[in-house]
Amino acid sequence: MAKGMPLSDEERIPWLCSLQEILLREFSLGVNVILACSSLKRMYRRILMGEHSMKNRQAENYTEPNQAHSHLDFSKDILFVYLHGSIELITKRLETRKGHFMSPSLLQSQFDTLEPPDGTENFMSINIEKTIPEMVTEIGKKLGLNL
């Protein structure tokens, strides 16, 4: 992406698997995590939830002894926050960033790749026209936090 080329699925998947391992490790330790990444496709979000690794374990009849948290409970443990906005607004914001790897020239490819979450996923949707404090408050309410 730093070279102005969008990443392929083959380039993203190892990175997403690494992120999923971090989520699983922290979850098993009882740690709450906020992970920010552009999981544009449903497949990417499924990787983050560990669905792929769970299917492999089930197919292999694999069990982890004494592992109370060997996988994430998709329905409640991960909340995806879908930040949505117009391409014009996001372009404007990207153009004001300094030293960021994401070039505004890649934005259209991101919109082309995007598969917004649907009713089968645990997510909330936030319009990025809101202020950051408003967005944080909305997320906190969804999580039952008093921020």
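In this tour, a residue is called buried when its relative accessible area is under 20%, exposed when that area is over 50%, and partly exposed in between. The model is a predicted one.

**The whole chain**

Of its 147 residues, 26% count as buried.

**Helix α1**

Next, select residues 9-28, which form α1.

Now display the side chains of Arg 12, Leu 16, Leu 19, Gln 20, Leu 23, Leu 24, Glu 26 and Phe 27, which are the buried residues of α1. Around the helix axis they cover an arc of only 160°, which means that they lie on the same side of α1.

Move on to Gly 30, which follows α1 and has a positive phi, near 80°. Then select Leu 29, in the loop between α1 and α2 (42-48). Is Leu 29 buried or exposed? Its relative accessibility is 59%, and Leu 29 therefore counts as exposed.

**The cysteines**

Select Cys 17 and Cys 37 in turn. Cys 17 is partly exposed because its relative accessibility is 28%, and Cys 37, with a relative accessible area of 26%, is likewise partly exposed. The structure holds 0 disulfides.

**Salt bridges**

How many salt bridges does a search of the whole structure find? The search finds 5. In general, side chains of opposite charge can pair when their charged atoms come close. Three of these pairs may be visited in turn.

- Select Lys 41 and Asp 9, whose side chains meet in a salt bridge at 3.0 Å, N to O. Lys 41 lies in the loop between α1 and α2 and Asp 9 in helix α1, so this pair ties together parts that are 32 residues apart in sequence. At 23% relative accessibility, Asp 9 is partly exposed.
- Select Glu 26 and Arg 25, which form a salt bridge of 2.8 Å, N to O. Glu 26 counts as buried, at 16% relative accessibility, whereas Arg 25 is partly exposed, with a relative accessible area of 45%.
- Select Arg 45 and Glu 121, joined by a salt bridge in which the closest N and O atoms are 2.5 Å apart. Arg 45 belongs to helix α2 and Glu 121 to the loop between α5 (107-113) and β2, so the pair ties together parts that are 76 residues apart in sequence. Arg 45 is buried, at 2% relative accessibility, and Glu 121 is also buried, with a relative accessible area of 9%.

Proceed to Ile 87 in helix α4 (residues 87-96). With a relative accessible area of 24%, Ile 87 is partly exposed. Draw a C-alpha to C-alpha distance from Ile 87 to Leu 107: the two residues are 20 residues apart in sequence and 7.6 Å apart in space.

Finally, select Ser 125, which is placed in strand β2 (residues 123-127). Ser 125 counts as partly exposed, at 34% relative accessibility. Which distance separates the C-alpha atoms of Ser 125 and Phe 80? They are 8.5 Å apart in space, although the two residues are 45 residues apart in sequence.

Key:
Residues numbered from 1 in each chain as written. Predicted model: local features only at pLDDT ≥ 70, side-chain atom pairs only at ≥ 80, totals over all residues. Heavy atoms only, no water. Helix = DSSP H or I, 4+ residues; strand = E, 2+ residues; numbered from the N terminus. Buried < 20%, exposed > 50% of the residue type's maximum accessible area, 1.4 Å probe, protein only. Disulfide = S-S within 2.5 Å. Arc of directions from axis to C-beta. Salt bridge = Lys/Arg side-chain N within 4 Å of Asp/Glu carboxyl O.
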